[in-house]
Every structure is written in structure tokens, then in C-alpha cells.
Amino acid sequence: MGRCAAAGLAAVWLAGCATGGNYPPAPSIAATPDYNYIVGPGDNLNISVWRNPELSMSVPVRPDGKLATPLVDELVVQGKTSTEIARDVEKALSKLVRDPVVTVIVTGFIGPYSEQIRVVGEAAKPQALPYKQKMTLLDVMIAVGGLTDFADGNGASITRAAEGDKRYSVRLNDLIKRGDISANVEMKPGDVLIIPQGWF
């Protein structure tokens with residue numbers, strides 16, 4: 001009788017492992033068409049001021065989310081688009097330059113922490129990645145070097161900050177080891193991919 005009960009419990013446990021924690025499967029399409037890149041600390045910005053080459057330069061965004069140029073001090077840029085930053089620089093320069101026309105181009109992409117894709121657990125190289133429009137689970141796995149030998153790939157899940165930390169199951173083993181493209185899903189800014197360790 002005890003053996004039957006133990007066998008039953010083992011079967012239930014194995015079924016639970018196979019379903020990836022009983023979370024709903026991640027939707028295959030998640031990207032929004034109106035997404036705009038948001039600047040964060042560590043990004044590099046090329047600021048071009050038309051007809052004022054001496055004011056044009058390449059500057060990094062400091063860890064506090066601000067930047068400084070010769071005529072613009074302590075400008076907060078974190079959480080803004082490049083267009084919004086250009087208008088802010090124009091406003092600051094207008095006190096000293098007549099009708100400034102500014103263009104801002106982002107050349108180094110890191111993005112704010114709230115937008116980054118984080119990969120934790122049994123990835124070959126767990127890390128945070130800058131989000132890119134239409135980024136997929138396969139793109140993320142290539143960037144982190146795949147799974148470790150101990151990973152339970154089909155037990156992995158995505159925690160989606162954009163949906164109140166809703167959790168979705170994903171099938172990494174099927175995607176990476178079996179080439180099942182139906183297991184590939186789009187990511188959203190702020191997603192956390194959690195890859196647990198397998199027990200067998």
C-alpha cells in the first residue's frame with residue numbers, strides 16, 4: 001500500500017515538473033507596435049546642434065540618469081525618448097543660442113533597469129539584456145549562451161512586469177534542443193526569464 005502511495009505521489013510530482021509550474025503558456029505575440037526606446041544610465045547619446053558644431057558631442061548617461069554638456073548642466077534624460085531629450089536640450093540652449101535645432105541619436109543601448117530583460121537560473125551566462133522591439137525567447141537564449149546541463153528547460157517561466165508580474169510557462173528544451181519554433185515567443189520590456197534546475 002505504501003509503495004502505491006509513493007508511486008502515486010511521484011507521478012503527481014513528475015506531472016507538475018513537466019507542466020512548468022502550471023502557469024499558462026506565454027503568448028506568442030507580445031510586442032506593441034507603438035514601442036519607443038527609453039534612455040537609461042549607461043546609454044551613449046550623440047547630440048547634434050545644427051550650425052553649432054562646437055556644441056555637438058557624444059556623451060554618456062550617468063548612473064544617476066542625467067547628462068551634462070558645456071552649456072547644459074544636470075539634464076535628466078533617464079526614462080525619456082531621444083526626441084524628448086532633443087526638445088529638452090533645445091529649451092536649455094535657447095537661453096544662450098538663437099533658435100537651436102537639436103538631434104539626439106542613441107548609439108549605446110542599455111536602457112533603464114525597468115526595461116531590461118533579465119535571465120536568471122540555469123542559463124550558461126545569466127545576465128540582463130537591453131530590450132529590443134520584436135525580441136524573442138530564442139534571441140534571449142542565443143545571447144545568454146543556451147542552457148546549462150542541469151537546466152529544466154521546459155520548467156522555465158517568464159515573469160512579466162508589464163502585466164503585474166504575471167507568470168507564464170515557456171518550453172526552452174523544445175525550442176533549443178528539438179527545434180520546435182512553436183515554442184518561440186516574443187518578449188516584453190521588463191520580462192524576467194527564470195530557468196530552474198532539473199532534479200533528474
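**Exercise 1.** Find the residue with which K66 forms a salt bridge, and state how exposed the two partners are.

*Solution.* In this predicted model, local features need pLDDT of at least 70 and side-chain atom pairs count only at pLDDT 80 or more, while totals for chains, interfaces and linings use all residues. Residues are numbered from 1 along each chain as its sequence is written, and side-chain values use heavy atoms, with hydrogens and water left out. A salt bridge here is a side-chain nitrogen of Lys or Arg within 4 Å of a carboxyl oxygen of Asp or Glu. K66 is paired with E74, and their closest N and O atoms are 3.9 Å apart. Next comes exposure, where buried means under 20% relative accessible area, exposed over 50%, and partly exposed in between (1.4 Å probe, protein chains only). K66 is partly exposed at 26%, and E74 is likewise partly exposed at 43%.

**Exercise 2.** Describe the salt bridge between E90 and R87, including the exposure of each residue.

*Solution.* The closest N and O atoms of E90 and R87 are 2.9 Å apart. E90 is buried, with a relative accessible area of 16%, whereas R87 is partly exposed, with 41%.
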